[in-house]
Amino acid sequence: MNKCAEKEVAFFGKITAGITHEINNVLAIIKESSGLLEDILAITEEDAFPHKDRFKKILNRISGQIQRGNDITTNLNRFAHSPDYSPASVDLNEVAEQMVLLASRFARLKNVILKAGHHDESVIIKTHPVALQMALFESIEIILDLITSRGKIILFPRKTDNQYVVGVHFEDTTPDDIVIMQSISSCDRWESLEKTMVYLGGTAETDDSALEILLYLPNSIDK
Amino acid sequence: MENLKILLVDDEEEFVTTLAERLELRGFQARAATNGEDGLHMIEADTPQIVILDVMMPGLGGLEVLKRIKAQNPQIHVILLTGRGSTKEGIEGMQLGAFDYLMKPINIEELIKKMQEAIKSQP
């Protein structure tokens, strides 16, 4: 990435992180306000307020949505801070989990379930966090663009000998989609993924039989 | 724990006044300030046992307020409030003498538990 592009990414990150803090403050006020309503409800006599149970149900719903909003802003905030240090040490397990949360909506629109498989140990490498997330997202998008129906995409980080790999595996699909998936490396967007992987000092390969995109990464990148 | 004097300092007025009201309902003596300067004046006028302090505030920032509290009243326990994913400021605050930190939005029961731990830790 050139200097100007780096500055642009850092700018986007900084603004997004600032906005997530603001949204968090809004959520905090809603949470305390609904909490106060719950407190007042708890000290109100049953006879004095006949709609108590209905209010409790609604407050529970608000509470659930606050939690949902909170999870979203937490992940968005982490994502926004990704350009703060580059290269930086990252755990591929954590990156995969975060990508699942950030990209789930895109998968859901194609009836695809997105999941992260967890390697037993931490899989730590020094890399460019933004470009790594971009490579994972590009891999997911390539699969989503190609397939016609439902299925499951699983991100599998792993370490074998001296190789660090994230497998983007596709399963539970139809025979038609299996045929389509076997031509994955000839799709239009493959070249873009390969370029991202070159920037990361790695390669993108496919395992046709296993319906998997394999992202090979070096354990450390210096610049 | 009842009658414990607590000062809440956060620039989000609706957050801090609502949280103070909830703590009052639980028997605490809670007051609220919406900036660091007011918070320090309120400490001088009526010293609380615990200060709940937001890290990110305009003007006098939370960590600067923490330093001043600890310089004048080291016996006051300070619990910091940070944004989600901002553990850096929380850890920095603990190195400056804060008892602990919580991420916003907070859970009131968790906050009360933290306050109990802080009071028990008093020598």
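Three salt bridges cross the interface of chain A and chain B by the rule used here, which asks for a side-chain nitrogen of Lys or Arg within 4 Å of a carboxyl oxygen of Asp or Glu. In one salt bridge, the side chain of R22(B) meets that of D39(A), at 2.8 Å from N to O.

A quick word on what you're looking at: this is a predicted model, where local features need pLDDT of at least 70, side-chain atom pairs count only at pLDDT 80 or more, and totals for chains, interfaces and linings use all residues. Residues are numbered from 1 along each chain as its sequence is written, chains are lettered from A and ligands numbered from 1 in the order in which they are written, and side-chain values use heavy atoms, with hydrogens and water left out.

So how much do the chains bury? Chain A and chain B bury about 1700 Å² between them, 59% of it on carbon and sulfur atoms; that is accessible area (1.4 Å probe) lost on being put together, summed over both parts. On the chain A side, I29(A), E32(A) and L36(A) lose the most area to chain B, together 34% of what that side buries.

The contact (heavy atoms within 4.5 Å) takes 16 residues from chain A and 18 residues from chain B.

Now, over to chain B and one lysine. Is K114(B) buried or exposed? K114(B) counts as buried because its relative accessibility is 17%, and buried means under 20% relative accessible area, exposed over 50%, partly exposed in between (1.4 Å probe, protein chains only). Leaving aside neighbours within four places in sequence, K114(B) is in contact with I79(B), F99(B), D100(B) and L102(B).

Key:
Buried area is the accessible area (1.4 Å probe) that two parts lose on being put together, summed over both.
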